[in-house]
4 protein chains.
Amino acid sequence: MPLTPEQQAEIDALRASPRPTLRATSEGMEAHLHTAHPVLDHGFVRVIDYMGDDAAICQAARVSYGRGTKSVSNDAGLIRYLMRHWHSTPFEMCEIKLHVKLPVFVARQWIRHRTASVNEYSARYSILDREFYIPAREALAAQSTTNNQGRGAALEGEEAERVLRILREDAMRCYDHYEAMIAREGQQGLARELARMNLPANIYTQWYWKTDLHNLLHFLRLRADPHAQYEIRVYAEAIGRIVADWVPHAWRAFEDYRMGGATLSATALTCLRRMLRGEAVTQESSGMSAGEWREFRQLIEG
Amino acid sequence: MPLTPEQQAEIDALRASPRPTLRATSEGMEAHLHTAHPVLDHGFVRVIDYMGDDAAICQAARVSYGRGTKSVSNDAGLIRYLMRHWHSTPFEMCEIKLHVKLPVFVARQWIRHRTASVNEYSARYSILDREFYIPAREALAAQSTTNNQGRGAALEGEEAERVLRILREDAMRCYDHYEAMIAREGQQGLARELARMNLPANIYTQWYWKTDLHNLLHFLRLRADPHAQYEIRVYAEAIGRIVADWVPHAWRAFEDYRMGGATLSATALTCLRRMLRGEAVTQESSGMSAGEWREFRQLIEG
Amino acid sequence: MPLTPEQQAEIDALRASPRPTLRATSEGMEAHLHTAHPVLDHGFVRVIDYMGDDAAICQAARVSYGRGTKSVSNDAGLIRYLMRHWHSTPFEMCEIKLHVKLPVFVARQWIRHRTASVNEYSARYSILDREFYIPAREALAAQSTTNNQGRGAALEGEEAERVLRILREDAMRCYDHYEAMIAREGQQGLARELARMNLPANIYTQWYWKTDLHNLLHFLRLRADPHAQYEIRVYAEAIGRIVADWVPHAWRAFEDYRMGGATLSATALTCLRRMLRGEAVTQESSGMSAGEWREFRQLIEG
Amino acid sequence: MPLTPEQQAEIDALRASPRPTLRATSEGMEAHLHTAHPVLDHGFVRVIDYMGDDAAICQAARVSYGRGTKSVSNDAGLIRYLMRHWHSTPFEMCEIKLHVKLPVFVARQWIRHRTASVNEYSARYSILDREFYIPAREALAAQSTTNNQGRGAALEGEEAERVLRILREDAMRCYDHYEAMIAREGQQGLARELARMNLPANIYTQWYWKTDLHNLLHFLRLRADPHAQYEIRVYAEAIGRIVADWVPHAWRAFEDYRMGGATLSATALTCLRRMLRGEAVTQESSGMSAGEWREFRQLIEG
């Protein structure tokens, strides 16, 4: 359960009091504001604030005085053009601020995206809660036998049980010891900034994370990708659903040109042209390595 | 006159239609939204959008679920603490988007601040307007005789007249030729991206510029400083007045700790302690160079 | 002529005195160090310093203790893999510092790439030289009639003559006035920071520009592209030739996957699969706009 | 013991083979190259590569063609001037690349400095080593009773023993289970990217970290500060000793103006001027809060 009743009450209070503004507003986004969308067993993503909408992207691209064209179809076409030709600054003109609760090992991947502002809950100053990510059975994947960095099928039976037991028991024991070290009657208590070192990487942390739409889409392209680790991908997918409601034209262009698109090398383009002219190209005659050829075949066969 | 009637009408339309939002709003900032504040002879600064307010700074610093404490005095104290101890990320949680019209030589200084998003009016695609910055008489400063990078008193009499005449005539002639090169009956016309090279650096350009409050304050510290060039300083001062209405607590802390504050070296601190103990310190006994000593004396004498 | 004899002597002195280092060195790059490669009529690009080589990319990707594998073919394969899968941080581990002399209107495009460090020659402090870019006859392009942002064929005959005459005369006259304003006997002289506003955008400036290989390749992808303005493209091409000698494996991967490659949208991929299965796809049945279909046909026809 | 014999042999090989270069070299830095400086119980900092020296800072500030002035005292004076007046870009012209081995909870603080390039050892791909930070007895600090974010005196006697026992045993048990989950005969083995979540935050990781001198000094100002957590401070101090040998003039200016200096607010400056004129200022008449007054008294009393 990601929220306490007190936290839910604070959120409800925020959602109960709309105020007038002269800024651009996105109705799709207003519906999400403040609400915690659950992710994993104790995590969430919730929108704290946003700036801009689809029209704001176009307004900036045109450096216009007002809202620019009133024609939605013109805006959609311009956004597709900007996305297709890798114009990034108009998409930087929209901004989002999220409150995210997430396991530490996910946070460690996430923070590698540097073009963002972050305020994380401080374990030097405060005491962390007893909340750990324990995977659902179907997410308890084996090491891939073909890919050093990937996952195979889910573990089963006794092995799965054993793994879950270890994760639960080690988390609880480490947290018991964390509590015991920081304070107990008749003792001084270890500094919080030291005691936290005993906590495993599946403990939950939380942060405010703010970035612009261009960098957010780059984050989603990498983290909503099937090759991303499942535990960060579910966050990326939850954010993607929010973005689709916030800036629907930008989202559709992103899906077409980035998420669903693919980049071909010069070598691959040459093969493609030969194939379209009717030639039978093999790996040997392609100029590609075995790995590249496999990826290429998958791509053109769909 | 910075705005045409059509532009003013677009702005009026934007200001006439408030919409409800669940986001944090700043009443002081709403009063500024979209309005063009004149700067120099044809320039302006106007707020297109903003995110956050004083409370949002505290909310991020606390990673809180709601708006946090309702006590304004607590928020003010926390903001002062954050500013005093150089915490930057909570101030990054506020964002501003400006539309600025400014001479090219000012834009060239401004763009050196890299942590911002910019969309500039394209002179490859569009034709620039015939608008040039011509300094007011009192801003027509002589080269400083003591500071290679500064200004002395204003020029006077015939010399001032001559300079103004040169600036006006060269601007007009270069613009006439710009127009003549890009299109005239019976000719193809030079590409716009080439023709613009004939335009002097006092021509006006415009851009959308978006940055966060932390980086904005850093910009203001450098560009609202008395040592900054007058023509960018007036932009910084206009933005400063807007920020004072947007996030009044952050602004007051910034004025106290940054704009009105000063950094002393270890050497200067040692001198100060000696002086407070009643010792008469001279440049010779200070360990400072002549230049540093002069700056130090000015600082402590106020 | 981009260099004075004194400047050439300084460069010769630097090239005459090799020193021992324990750092990674690139022989291909050492041959370029300090030498000014001419670009346009008065500009140049010269390498001041660099960090890393092809092996350094691999070493960082492997977080290794020594130089890693001694096998060059392994390094080449790893670099191709990293480039193909959009790994950016290993390429950030190489760094380059350039001294560039370039027209102001080129500098204004260049500076939009924000992830770099820049020290520009100061026209507040110093007096600019009388050097202006005047296009060669074959670069004197007309405005494109099909593309608002592009160039058509070169101007010819009297029109070309007239344009060149304007550019030369306005440059000389503006510079004469610049000189006249800043100093003349019996007058104070206008502040340099003001006088420079009279100089047109084809005057040359110079700067030190430092960036990492990842961001440099991104710059080259955009600025060595046929759609980039010719005057910045020639700088990008000069830098590209240097990079090819500095990190040859990374350069070849970049040429294959980025410069010679192309990104296809989801819609385009679907069309491609239909065509490979023998279907005759038309724009109407493609789901693409006319513009996208035209770009797609060009791509697959080569 | 931070290094295996094989790793030491790789480092020795690198240090045995100097090569000629035409780049700027720093003799002080060459002496450090590749050598692992031990930090904490298993960690280290070692320089992999660097770019620039003190003269390179001046060369960029002057945008010069050669090495500029040969006078070391001029360079030192210019560097002091640049540091005193907050010029940042010339310091960005030097770059350093470090290989660091550090506990995960230290890495989590470190990574908050975003203007750097990082390649971290991948626990998705590889198996982490059984190495954990266990504090020395004298670093086993109690929670501060006056500062929520700080440390008090070291724990003693039985309490210290108990804490060390917990840290050691939990680390070993969690690592045993990590190993047991990823592979054992007759089982598939949990994916490495999942198994790592069982490892506590005192496990060691390692990365390549590259940044420029300006951002490095900012990092050192915050992390070598007495208020920084001890475990990151010792890394900052080790790096500081290296920087002092690399760019000795920049380091001395940094020590004087940043590390040993202090920033006074406008309010504090006013008090100071009153005190220097002989007035007895109290907290009540100072306009400062109790906390600010205490910090101010400490500063001026030394």
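Reader: Which rotation and shift superpose chain D on chain C?

Author: Two copies of a chain are related by a rotation about an axis and a shift along it. In this predicted model, chain D is superposed on chain C by a rotation of 180 degrees with 0.0 Å of shift along the axis, at an RMSD of 0.0 Å (least squares on the C-alpha atoms of residues with pLDDT of at least 70 in both copies). That is the relation of a two-fold axis.

Reader: Which residue of chain D comes closest to the rotation axis?

Author: D:Pro20, whose C-alpha is 2.2 Å from the axis.

Reader: Through what surface do these copies meet?

Author: The same surface, because 100% of the interface residues of chain D are also interface residues in chain C. Contact here requires C-beta atoms, placed from the backbone, to lie within 7 Å.

Reader: What rotation superposes chain A on chain B?

Author: A rotation of 180 degrees, with 0.0 Å of shift along its axis and an RMSD of 0.1 Å. In chain A, the C-alpha nearest that axis belongs to A:Pro20, at 2.2 Å. Of the interface residues of chain A, 100% are also interface residues in chain B, so these copies too meet through the same surface.

Reader: Where in chain B does B:Arg162 lie?

Author: In helix H7, residues 157–182 (a DSSP run of H or I, at least four residues, numbered from the N terminus).

How values were computed: Residues numbered from 1 in each chain as written. Chains lettered and ligands numbered in written order. Predicted model: local features only at pLDDT ≥ 70, side-chain atom pairs only at ≥ 80, totals over all residues. Contact = placed C-beta atoms within 7 Å. Helix = DSSP H or I, 4+ residues; strand = E, 2+ residues; numbered from the N terminus.
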